[in-house]
Amino acid sequence: MTCVNRRDLGLLVLRVGTGAVLAAHGAQKLFGWFGGSGIEGTTAAMEAMGFHPPKHSALAAGLGEAGGGALLALGLATPAAGAAAAGAMAGAVAVHAPAGFFAQGGGYEYPAFLGFTAAAIGLAGPGRYSLDHATWYVFNQPWMVALAFAGSAGAAAAVVGKRARGQRKGADET
C-alpha cells in the first residue's frame, strides 16, 4: 500500500467515524432517534439555552449535525459538509464554554473536537474513497471551501452573538 492509499484510507476512516457520530447526534435532535428528544424537545432546549428563535435554532443545529455528518461520511460536498458541522459545533461550544474545557465537568472539549475534526476534513478534502472523487469533485471545488467556511463562520458568529446579547440583556434586567 503506498502512502497515497494509506492517506486516502485514513481519510475514509476519519470521515466515516466523525460523520456517523455527527449524523447520529443530529438525528437525536431532529427525529428523536437514539434516545434523543426530537425537534420539539430540541426546540425547548434551545429556548432554555437562550437561542432565538428556538425552532429555527433547533433545525439549524440538527441539520448541521445530521446533514453535515451524513455528507462527511459519504465524502460528498465535503467543504460544505465540514463547514456546516463545524458551525453547528461552534454553537455547542458556546453553550458549554462557561463550564470550562473538560467534558467531565460539562465543558466544551467534545464539541470542540468534533468541530475541529469536521473543519479539518472539509479543508483537507475527502480523499480518493469518496463520492466527491466518484463525481469528479463537482461539489468540492477550491472556491467552495472559502465560500462554505465563510458562510458557516458568519452564521455561527451571528447566532452565537445574538444568544450572548440576549443573555447579557436578561442578566441586566434581573
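A residue is called buried under 20% relative accessible area, exposed over 50%, and partly exposed in between. The legends below use these words for a predicted model.

**View 1. The edge-to-face pair of Phe101 and Phe102.** The rings of Phe101 and Phe102 form an aromatic pair with 4.9 Å from centre to centre. Their planes stand at 80°, and the pair is edge-to-face. Phe101 has 39% relative accessibility, so Phe101 counts as partly exposed. Phe102 reaches 54% and therefore counts as exposed.

**View 2. The edge-to-face pair of Trp33 and Phe34.** The structure holds 4 aromatic pairs, and one of them joins Trp33 and Phe34. Here the centres are 6.3 Å apart, with 90° between the planes. The pair is edge-to-face because that angle is over 60 degrees. With 48% relative accessibility, Trp33 counts as partly exposed. Phe34, at 59%, counts as exposed.

**View 3. A nonpolar patch on the surface.** Leu9, Val13 and Tyr129 make up a nonpolar surface patch. Together these residues have about 260 Å² of accessible area. Val13 lies in helix α1, which covers residues 3-31. The relative accessible area of Val13 is 57%, so Val13 is exposed.

Terms used. Residues are numbered from 1 along each chain as its sequence is written. This is a predicted model: local features need pLDDT of at least 70, side-chain atom pairs count only at pLDDT 80 or more; totals for chains, interfaces and linings use all residues. Side-chain values use heavy atoms; hydrogens and water are left out. Rings of Phe, Tyr and Trp (its six-membered ring) pair if their centres lie within 6.5 Å; planes under 30 degrees apart count as stacked, over 60 as edge-to-face and the rest as tilted. Buried means under 20% relative accessible area, exposed over 50%, partly exposed in between (1.4 Å probe, protein chains only). Patches are made of residues with over 30% relative accessible area and no salt bridge: like charges are joined within 9 Å, nonpolar side chains (Val, Leu, Ile, Met, Phe, Trp, Tyr) within 5 Å. Accessible areas come from the Shrake-Rupley method with a 1.4 Å probe; for residues, only the protein chains shown count as cover. A salt bridge is a side-chain nitrogen of Lys or Arg within 4 Å of a carboxyl oxygen of Asp or Glu. Helices (H or I, at least four residues) and strands (E, at least two) are DSSP runs, numbered from the N terminus.
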